Amino acid sequence: MITFEELGLDERLVQAISEMGYINPTPIQEKAIPVLINGTKDLIGLAQTGTGKTAAFGLPLLQLIDAQAKHPQALVVCPTRELCLQIVNEIISFKKHLKGVNVVAVYGGASISLQIKDIRR
């Protein structure tokens with residue numbers, strides 16, 4: 001069975017997901033992570049709920065971010081506020097050992113001025 005290290009993930013990301021209790025990638029992660037790390041910008045991945053789709057796109061996204069660049073570098077669009085918050089929480093857990101990387105949820109029904117302030121930060 002393949003490991004996250006073998007997929008080419010940064011050791012800080014591997015450390016974070018290991019601390020979360022994950023050792024081996026799911027099929028969607030095994031297929032998507034290497035493709036996205038190598039620079040593919042568009043990917044359609046279909047998998048059942050609970051199979052690790054957020055990690056399949058979120059881990060490569062975090063690996064490709066330049067923490068020195070102080071501007072937004074990625075946008076994840078979600079159909080619901082609940083899913084948005086779930087994805088943000090997971091990505092925050094994944095980036096635990098990455099310094100200088102911020103994640104912000106932006107959605108309707110919340111103060112836009114506070115969300116803009118968070119994005120600027």
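1. Arg121 is exposed, at 59% relative accessibility. Here buried means under 20% relative accessible area, exposed means over 50%, and partly exposed lies in between, with a 1.4 Å probe and protein chains only. Arg121 forms a salt bridge with Asp118, and the closest N and O atoms are 3.9 Å apart. A salt bridge is a side-chain nitrogen of Lys or Arg within 4 Å of a carboxyl oxygen of Asp or Glu. Asp118 is partly exposed, at 32% relative accessibility.

2. This is a predicted model, in which local features need pLDDT of at least 70 and side-chain atom pairs count only at pLDDT 80 or more, while totals for chains, interfaces and linings use all residues. Residues are numbered from 1 along each chain as its sequence is written, and side-chain values use heavy atoms, with hydrogens and water left out.

3. The salt bridge count comes to three. One of them joins Glu19 to Lys96, with the closest N and O atoms 2.7 Å apart. This pair links distant parts of the chain, 77 residues apart: Glu19 is in helix 1 and Lys96 is in the loop between helix 4 and helix 5. Helices (H or I, at least four residues) are DSSP runs, numbered from the N terminus. Glu19 is partly exposed, at 41% relative accessibility.

4. Asp10 and Arg12 also meet through their side chains in a salt bridge, at 3.0 Å from N to O. Asp10 has a relative accessible area of 23% and is partly exposed. Arg12 is partly exposed too, at 36%.

5. Val14 lies in helix 1, which covers residues 11–19. Is Val14 buried or exposed? Val14 is buried, with a relative accessible area of 6%.

6. A nonpolar patch on the surface is formed by Val106, Ile112, Ile116 and Ile119, with about 330 Å² of accessible area together. Patches take residues with over 30% relative accessible area and no salt bridge; like charges are joined within 9 Å, and nonpolar side chains (Val, Leu, Ile, Met, Phe, Trp, Tyr) within 5 Å. Accessible areas come from the Shrake-Rupley method with a 1.4 Å probe, and for residues only the protein chains shown count as cover. Ile119 is found in helix 5 and is partly exposed, at 41%.

7. The largest pocket holds about 1300 Å³ of space. A pocket is an open set of points on a 1 Å grid over the protein atoms alone, where a 1.4 Å probe fits, with protein on both sides within 12 Å along at least five of seven lines; lining residues have an atom within 4 Å of a point. Of the 45 lining residues, Leu36, Lys53, Thr54, Ala56 and Phe57 lie nearest the centre of the largest pocket. Helix 3 gives the largest share of this lining, nine residues. By class the lining has 27 nonpolar, 14 polar and four charged residues.

8. The second largest pocket has a volume of about 830 Å³. Its lining has 33 residues, of which Pro72, Ala74, Asn102, Val103 and Val104 lie nearest its centre. Which helix supplies the largest share of this lining? The largest share, five residues, comes from helix 4. The lining of the second largest pocket divides into 22 nonpolar, five polar and six charged residues.

How values were computed
Points joined across faces, edges and corners; volume = space filled by probe spheres on them. Helix = DSSP H or I, 4+ residues; strand = E, 2+ residues; numbered from the N terminus. Nonpolar A, V, L, I, M, F, W, Y, C, P; charged D, E, K, R; others polar.
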